[in-house]
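User: I have a structure open here and I'd like to talk it through. Can you help me read it?

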Amino acid sequence: MNPLWVIKVKRQVVSSQKFNTTFKTIKTMFHEEGIKGFYKGLVSSLWNTTHSALQYPLLEFFKQQFSKRYDHDRLPPFCITLSAMLSSSCVGTLLFPLDLVRARLQSSCSETRYHYKGMLDAFVTIYKQEGFFAFYQGI
């Protein structure tokens, strides 16, 4: 799925004639970056799979906290919904920097201002040049 995602992000972010159609995007990426260019941001995408691994235990934690106030067997739907919203919001906020780094890695090319060697370089460069809150742009 990552090559398709990289093509999509490149077409959304880069406003150049070289990327105005999907075929031109694939052709340009292959000639300028090689096959490796289609897998930019793959590592941060894989790290994002931890979302579910973190969200479900947190969901159970919030449900337990609500069950202390209500009947243990019959938790109101509102509490279950609120638990899901809280757990998803917490994990989404925690992992949002991975999405930002992935998007910047995938959109980097000669037409953009973002040029990174890899995921760690992207994190360090963004932090040094733009500060901590840059990781939460667009949230």
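User: How far apart are E60 and K63 in helix 4?
Analyst: They are 3 residues apart in helix 4 (residues 50-67), so about one helical turn separates them. Helices here are DSSP runs of H or I with at least four residues, numbered from the N terminus. This is a predicted model: local features need pLDDT of at least 70, side-chain atom pairs count only at pLDDT 80 or more, and totals for chains, interfaces and linings use all residues. Residues are numbered from 1 along each chain as its sequence is written, and side-chain values use heavy atoms, with hydrogens and water left out.

User: What do the side chains of E60 and K63 form?
Analyst: A salt bridge, 3.3 Å from N to O. The term means a side-chain nitrogen of Lys or Arg within 4 Å of a carboxyl oxygen of Asp or Glu.

User: How many salt bridges in total?
Analyst: The count is 3. One of them joins R102 and D99, with the closest N and O atoms 3.5 Å apart. R102 and D99 are 3 residues apart in helix 5 (residues 77-107), so about one helical turn separates them. R102 counts as buried at 11%, while D99 is partly exposed at 26%.

User: And which residue does R104 pair with?
Analyst: R104 meets E130 in a salt bridge, 2.7 Å from N to O. That pair links distant parts of the chain: R104 is in helix 5 and E130 in helix 6 (residues 119-130), 26 residues apart. R104 is buried at 4%. E130 is partly exposed at 29%.

User: New topic. Which residues of helix 2 are buried?
Analyst: T25, T28, M29 and E33. They cover an arc of only 100 degrees around the axis, so they sit on the same side of helix 2. The arc is taken from the directions from the helix axis to the C-beta atoms.

User: What do they pack against?
Analyst: Helix 1 (2-13). Contact here means heavy atoms within 4.5 Å.

User: What about the other side of helix 2?
Analyst: F23 and H31 are exposed there.

User: What follows helix 2?
Analyst: G34 does, and its phi is positive, near 75 degrees.

Key. Buried means under 20% relative accessible area, exposed over 50%, partly exposed in between (1.4 Å probe, protein chains only). Helices (H or I, at least four residues) and strands (E, at least two) are DSSP runs, numbered from the N terminus.
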